[in-house]
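Dear colleague,

I am handing over the structure below, together with my notes on what was found in it. Please read the notes with the model open beside them.

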Amino acid sequence: SFSFQANRNELRVGLQALVRGRKVGPDSQSNSHPDETRPVRFLLPDSPSRFPRPGAFPSRRAAKIDISPPEFPVIRNGGFLQAIDNMVLDPLHARSIVLHEKKSDPRIANAIIDSCMIPRTMCDVIEQNVTAETGIKSDHILIAATHTHNAPSAMHYCLGTQADPKYSQFLPPNVVESVVRANEAVQPARAGWAVFDGNERDELLGGKTALPLPTWSHLVLVRNQDEAVIYLNGALEAAGKLVPTHQMSPDAFLGGRSDNFANLEGRLDEVALFDRALSAEEVKRQFEASGKL
């Protein structure tokens with residue numbers, strides 16, 4: 001897995017690398033990951049801003065409530081078969097933040113829960129209680145789950161699992177409490193934004209061969225303007241059109257992307273960068289010269 005940033009008019013390069021794969025779990029496999037050029041927003045305490053465009057939401061507060069199960073055993077979902085847990089290894093939390101721009105403006109609440117899935121009926125109960133205790137309207141409340149596969153089940157038929165009845169009663173009031181605490185402690189803040197210059201087309205060019213473990217493999221990427229070709233152990237593995245979307249940059253990323261997503265789980269060695277697009281015959285000779293891998 002690698003990326004290359006350069007001026008589109010100068011993208012006539014070849015990249016040769018020896019890659020040694022390492023076995024990883026199924027959760028580490030890369031899925032489609034949109035990383036188009038877009039603003040990334042963040043909040044800061046009220047202080048002199050180092051960012052060029054402070055903007056909305058000058059008041060905010062966050063709160064965190066421990067929602068680890070208080071009783072055991074507890075039903076856990078996320079494995080497609082029902083499982084039972086008898087201890088807590090890492091605490092689970094409900095994290096909430098409340099925002100508003102002016103005191104006269106309606107407030108917005110976000111609650112993020114360490115759970116695989118939360119049923120709509122439970123979200124409705126949480127929203128109703130938040131509205132009753134804070135006055136924040138239900139259509140101004142966002143509730144979302146982190147989709148962790150290591151939390152008690154709060155939803156029937158979630159990946160083949162029933163909801164844990166006791167935990168399903170325990171969870172909603174604690175989520176409500178996290179929003180209430182955030183709402184009660186709102187304080188001034190500033191918001192700023194930054195831009196991530198990524199692959200706005202969200203395109204992917206990948207091979208179909210599973211790298212043998214733990215064995216060195218010879219990998220070559222050749223880019224000629226919009227055309228990209230991948231060779232594995234001297235043979236053609238994948239080819240296609242892959243339009244560069246990066247702006248001019250002197251940086252090259254090997255074994256990962258510029259946003260640290262889906263980095264290589266393995267090792268790189270004997271990396272070479274060419275100032276021209278290698279031919280298939282040149283790639284074959286490079287592989288043969290590398291010796292038996």
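Is Cys116 buried or exposed? Cys116 is buried, with a relative accessible area of 2%, where buried stands for under 20% relative accessible area, exposed for over 50%, and partly exposed for what lies in between (1.4 Å probe, protein chains only).

Before the rest, two remarks on how to read the values. This is a predicted model, in which local features need pLDDT of at least 70 and side-chain atom pairs count only at pLDDT 80 or more, while totals for chains, interfaces and linings use all residues. Residues are numbered from 1 along each chain as its sequence is written, and side-chain values use heavy atoms, with hydrogens and water left out.

Overall picture

The chain has three helices and 15 strands; helices (H or I, at least four residues) and strands (E, at least two) are DSSP runs, numbered from the N terminus. Of its 293 residues, 36% count as buried. If one takes the contacts (heavy atoms within 4.5 Å) between residues at least 6 apart in sequence, 76% of them join residues at least 24 apart. The chain exposes about 17600 Å², of which carbon and sulfur atoms supply 51%; accessible areas come from the Shrake-Rupley method with a 1.4 Å probe, and for residues only the protein chains shown count as cover.

Cysteines

The structure holds zero disulfides, a disulfide being a pair of cysteine sulfur atoms within 2.5 Å. For Cys116, the closest cysteine sulfur is that of Cys158, and because the two sulfurs are 3.8 Å apart, they are too far from each other for a bond. Cys123 is buried as well, with a relative accessible area of 9%.

Two polar side chains

Ser68 lies in the loop between strand 4 (59-66) and strand 5 (74-76), and with a relative accessible area of 12% Ser68 is buried. Its side chain is joined to that of Asp66 by a polar contact of 2.7 Å, and the side chain of Ser68 also reaches the backbone nitrogen of Leu92 at 3.0 Å. A polar contact here is a pair of N or O atoms within 3.5 Å; within protein, one must be able to donate a hydrogen and the other to accept it, and residues adjacent in sequence count only if both atoms are side-chain atoms. Not counting residues up to four places away in sequence, Ser68 touches Val88, Pro91, Leu92, Tyr167 and Phe170.

Thr134 belongs to helix 1 (residues 120-134). The side chain of Thr134 reaches the backbone oxygen of Val130 at 2.6 Å, and a polar atom of that side chain lies 3.1 Å from the backbone nitrogen of Ile136. Leaving aside neighbours within four places in sequence, Thr134 is in contact with Val180 and Asn183.

Salt bridges

How many salt bridges does a search of the whole structure find? The search finds eight, a salt bridge being a side-chain nitrogen of Lys or Arg within 4 Å of a carboxyl oxygen of Asp or Glu. One of them pairs Glu71 with Lys166, the closest N and O atoms being 3.3 Å apart. This pair links distant parts of the chain, since Glu71 sits in the loop between strand 4 and strand 5 and Lys166 in helix 2 (residues 165-184), 95 residues apart. Glu71 is partly exposed, at 45% relative accessibility, whereas Lys166 is exposed, with a relative accessible area of 55%.

Glu281 and Arg285 meet through their side chains in a salt bridge (3.9 Å, N to O), and both lie in helix 3 (residues 280-289), four residues apart, about one turn of the helix. Glu281 is partly exposed at 44% relative accessibility, as is Arg285 at 46%. Glu282, in turn, forms a salt bridge with Arg276, with the closest N and O atoms 2.8 Å apart, and Arg276 is partly exposed, with a relative accessible area of 38%. Finally, Arg120, Asp124 and Glu127 are linked in a network of salt bridges.

A surface patch

Leu254, Leu268 and Val271 form a nonpolar patch on the surface, with about 230 Å² of accessible area together. Patches are made of residues with over 30% relative accessible area and no salt bridge, like charges being joined within 9 Å and nonpolar side chains (Val, Leu, Ile, Met, Phe, Trp, Tyr) within 5 Å. Leu254 is placed in the loop between strand 14 (252-253) and strand 15 (266-274), and is partly exposed, with a relative accessible area of 42%.
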